[in-house]
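Try each one yourself before reading the solution.

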Amino acid sequence: MDTGITLNRINLLLNVGDWNGDGRGDFMTRRLSGAMRFYAGRGQNRFAAPTVAASDWSRVGLVTAAADVTGDGFPDLMGRDASGNFRIYPSNGHTGFGSSYVAHSGFDANRQVGVGLMNRDGAPDTVVRRSNGTLWLWTGNGPGGLVSGRQVGSGAGGYDWLRGYGDVNGSGRNDVIARSRGNGKLWLLPGTRKGFAERRLIGTGFDTYDLGG
């Protein structure tokens, strides 16, 4: 459905959930200048005019919507800072951010996707792709940090999108959506207790989109 919004000069689009606690879904974009902009949901596929959530995120990489890792009832973002550390950027409950903090020191990753409660321990988790194409689940510890990583998949080097949309197939485990680079094929990576099951093709023609959130 058309939201009536034209987005240009951006390099990141994030579905951030109910960021401001008003019961409606919101999203954020990062402009080429590095500014993060917040769009508050208004219902019926409409959004308020954007406000600036942060002025310069040009050096924050691997940004993902990470669910509520702080436990305050508001969703948060996670990204890799200029020093290589993975950092939590919490919602302030309005249109911006609270004080950020390091969730874990740096490790090998070139993509990151928040997957919510993948291991069902009550703390949101994240999946990263390493430079060799393997997928690793990093579990949350509850207070807002990351505990340890374990390999949960391989052969993911050909994807240019990795997105977490919860339990897509109704199995009770959160899944990941991936897009093949170049041909626009969309795949479901079904979440299981041990990692991801065999991928399943769920769509084609998605090479016409530059960003997804």
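**Exercise 1: the second largest cavity**

Which residues line the second largest cavity, and how do they divide by type? Start with the list: Met118, Asn119, Leu137, Arg150, Arg173, Thr192, Arg193, Lys194 and Gly195 form the lining. This is a predicted model, where local features need pLDDT of at least 70, side-chain atom pairs count only at pLDDT 80 or more, and totals for chains, interfaces and linings use all residues. Residues are numbered from 1 along each chain as its sequence is written, and side-chain values use heavy atoms, leaving out hydrogens and water. Next, sort the lining: two nonpolar, three polar and four charged. Last, the volume is about 30 Å³.

**Exercise 2: the largest cavity**

Work out the volume of the largest cavity and the make-up of its lining. First, the volume comes to about 50 Å³. Then the lining, which includes Val69, Met78, Ile88 and Pro124, splits into six nonpolar, five polar and no charged residues. On a 1 Å grid over the protein atoms alone, a cavity is a set of points where a 1.4 Å probe fits but cannot get out, and lining residues have an atom within 4 Å of a point.

**Exercise 3: around Met28**

Which residues does Met28 contact, leaving aside neighbours within four places in sequence? Taking contact as heavy atoms within 4.5 Å, the list includes Leu12, Trp19, Met36, Leu77 and Phe97.

How values were computed
On a 1 Å grid over the protein atoms alone, a cavity is a set of points where a 1.4 Å probe fits but cannot get out, and a pocket is an open set with protein on both sides within 12 Å along at least five of seven lines; lining residues have an atom within 4 Å of a point. Grid points are joined across faces, edges and corners, and a volume is the space filled by probe spheres set on the points. Ala, Val, Leu, Ile, Met, Phe, Trp, Tyr, Cys and Pro count as nonpolar, Asp, Glu, Lys and Arg as charged, and the others, Gly among them, as polar.
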